[in-house]
Amino acid sequence: MMSSENKTTTNGQKVSVSVPSDPDPGHATVKLTASSDRDHKYLTQAVEEAYIGVERGDGRPFGAVIVHKDKVLVSCHNMVLRYKDPTAHAETVAIREACKKLNGIKLWECEMYASCEPCPMCFGAIHLSRLKRLVYGAQAEVAVAIGFNSCVANGVKGTELFHKSSLEIVKLDASIAEQVFQNTKGKFTL
């Protein structure tokens, strides 16, 4: 598949988007978009969770919110330090809690709002849980820039799952999600 650079207007704001020349409805695409009020509200909650996790000493600055039928089902943050579990990323904690609340493993009617682009492990969990939509704020490179392992970068674009998923993926243009890393730097260890 070849990519071409197109200009689109979303909510009156021009953004640059990379789109496949031959779109395939069976494959996921990442859309860069200005935030709607609804998306901004839930992404802001995910960013607030990231701050809470660092302040409590639970984990690193990552937060996730899962919305079910326009209501927050779960709001979580990274729990790696508290649980002493390297897989307790905000997204996986949120998926586990949402599955418990809905009493099942398929989250077809749910959307996830993540403060940062998910790592490959989290994207795998997102794919397996069948979330219908993923909205994230900061790109993983922002986390890498303050010392996080570079393996977290390209979780969405760097996996085969990305190409086989029907998940809608949206990268919001939201600086608050990127600021959490600078604002919490030095308050946690890597």
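**Exercise 1. Find which residues of helix 4 are buried.**

Step 1. Locate the helix. Helix 4 covers residues 120-129. Helices (H or I, at least four residues) and strands (E, at least two) are DSSP runs, numbered from the N terminus.

Step 2. Apply the cut-offs. Buried means under 20% relative accessible area, exposed over 50%, and partly exposed in between (1.4 Å probe, protein chains only).

Step 3. List the residues. The buried ones are C122, F123, G124, A125, I126, H127 and S129. Helix 4 is thus mostly covered, with 7 of its 10 residues buried.

Step 4. Of the 190 residues of the protein chain, 47% count as buried.

A note on the source: this is a predicted model, where local features need pLDDT of at least 70 and side-chain atom pairs count only at pLDDT 80 or more, while totals for chains, interfaces and linings use all residues. Residues are numbered from 1 along each chain as its sequence is written, and side-chain values use heavy atoms, with hydrogens and water left out.

**Exercise 2. Describe how helix 3 packs against helix 4.**

Step 1. Take the axes. These are lines fitted to C-alpha atoms, for helices over the stretch in contact, and angles run from 0 to 180 degrees between N-to-C directions. The axes of helix 3 and helix 4 come within 8 Å and cross at roughly 25°.

Step 2. Name the arrangement. Helix 3 is therefore roughly parallel to helix 4. Angles under 35 degrees count as roughly parallel, over 145 as roughly antiparallel, 65 to 115 as roughly perpendicular and the rest as oblique.

Step 3. List the contact residues. Contact means heavy atoms within 4.5 Å. Helix 3 supplies E91, T92 and I95, and helix 4 supplies M121, C122, A125, I126 and S129.

Step 4. Sort them. The contact divides into 5 nonpolar, 2 polar and 1 charged. Ala, Val, Leu, Ile, Met, Phe, Trp, Tyr, Cys and Pro count as nonpolar, Asp, Glu, Lys and Arg as charged, and the others, Gly among them, as polar.

**Exercise 3. Examine L102 and N103.**

Step 1. L102 is partly exposed, with a relative accessible area of 33%.

Step 2. Find its contacts. Leaving out residues up to four places away in sequence, L102 touches H68, L73, L107 and C110. L102 and H68 are 34 residues apart in sequence, yet 9.6 Å apart in space, C-alpha to C-alpha.

Step 3. Turn to N103. N103 lies in the loop between helix 3 and strand 6 (110-116). N103 is exposed, at 73% relative accessible area.

Step 4. Check the backbone. Most residues other than glycine have a negative phi. N103 has a positive phi, near 55°.

**Exercise 4. Examine R130, then the strands 7 and 8.**

Step 1. Read phi. R130 is not a glycine, but its phi is positive, about 65°.

Step 2. R130 follows helix 4. R130 is in the loop between helix 4 and strand 7. R130 is partly exposed, with a relative accessible area of 34%.

Step 3. Move to strand 7 (residues 133-138). Two strands pair if DSSP finds at least two bridges between them. Here 4 bridges join strand 7 to strand 8, and the two run parallel. I169 in strand 8 is the bridge partner of L134.

Step 4. Check strand 8 (residues 168-172). Strand 8 is mostly covered: 4 of its 5 residues are buried.
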